[in-house]
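Q: Could you take me through this model feature by feature, giving the general idea of each term and then the case at hand?

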Amino acid sequence: MHLAYIGLGANLGDARAALEAALQAMAALPGTRLLRRSSLYRSAPIESSGPDYLNAVAELRTGLAPLELLHALQGIERDHGRERPYRNAPRTLDLDLLLHGDLTLDTPELTLPHPRLHLRAFVLLPLAELAPQLQIPGQGTVSDLLPRVHDQPIEKVKP
């Protein structure tokens with residue numbers, strides 16, 4: 001069993017409902033348990049256009065191997081109408097495998113830790129709620145990385 005962290009985002013349709021449904025779907029994956037989830041955060045699209053995103057991070061305990069988990073997450077995205085017409089296109093649901101234990105991996109299909117997680121406030125702030133002292137391989141702790149993204153606008157959404 002491994003701890004895995006998943007970044008969730010949506011900016012089309014009912015984003016809040018999509019994130020809640022995705023959390024339920026992840027909790028139902030074989031050999032997987034949803035341990036915790038962060039608050040929701042609102043952030044502007046980066047290198048894209050469209051409405052603001054709602055973002056969160058989920059902490060899972062899973063027996064799924066990294067690629068199995070990635071494929072399961074992509075299936076959940078497809079079930080919610082995710083299309084990939086171009087890079088950074090607006091989306092109904094985006095699920096990013098951020099970390100799978102302390103595994104580092106660099107393949108054409110999957111890079112762990114997620115290659116931009118240390119650059120994004122919409123990942124680091126919700127992740128800091130769950131695990132501020134979590135070590136990101138090759139980068140440092142979540143709390144040490146937060147000051148680097150202080151200039152990115154993000155706000156916590158009221159429940």
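Q: Are Arg91 and Asp94 buried or exposed?
A: Buried means under 20% relative accessible area, exposed over 50%, and partly exposed in between, with a 1.4 Å probe and protein chains only. Both Arg91 and Asp94 are buried, and their side chains meet in a salt bridge with an N to O distance of 3.1 Å. This is a predicted model, in which local features need pLDDT of at least 70 and side-chain atom pairs count only at pLDDT 80 or more, whereas totals for chains, interfaces and linings use all residues. Residues are numbered from 1 along each chain as its sequence is written, and side-chain values use heavy atoms, with hydrogens and water left out.

Q: How many salt bridges does the structure hold?
A: A salt bridge is a side-chain nitrogen of Lys or Arg within 4 Å of a carboxyl oxygen of Asp or Glu, and the structure holds 4 of them. Another of these joins Arg36 to Glu59, with the closest N and O atoms 2.9 Å apart. This pair links distant parts of the chain, Arg36 being in strand 2 (residues 32-37) and Glu59 in strand 4, 23 residues apart; helices (H or I, at least four residues) and strands (E, at least two) are DSSP runs, numbered from the N terminus. Arg36 is partly exposed at a relative accessible area of 35%, while Glu59, at 6%, counts as buried.

Q: Which residue forms a salt bridge with Arg42?
A: The partner of Arg42 is Glu155, and their closest N and O atoms are 3.9 Å apart. Arg42 lies in strand 3 (residues 41-43) and Glu155 in strand 10 (residues 154-156), so the pair ties together parts that are 113 residues apart in sequence. Arg42 counts as partly exposed at 32% relative accessibility, as does Glu155 at 46%.

Q: Which residues touch the most other members of the largest nonpolar core?
A: A nonpolar core is a set of buried Ala, Val, Leu, Ile, Met, Phe, Trp, Tyr and Cys residues joined through side-chain atoms within 4.5 Å. Of the 26 residues in the largest one, Ile6, Leu8, Met26, Leu69, Leu95 and Leu97 touch the most other members. Helix 1 gives the most to this core, with 5 residues. Apart from it lies another core, of 16 residues, among them Leu99, Ala121, Leu124 and Ala131.

Q: Why is helix 3 largely enclosed by the rest of the structure?
A: Helix 3 (residues 121-130) is largely enclosed because 7 of its 10 residues are buried, including Val123, Pro126 and Leu130.
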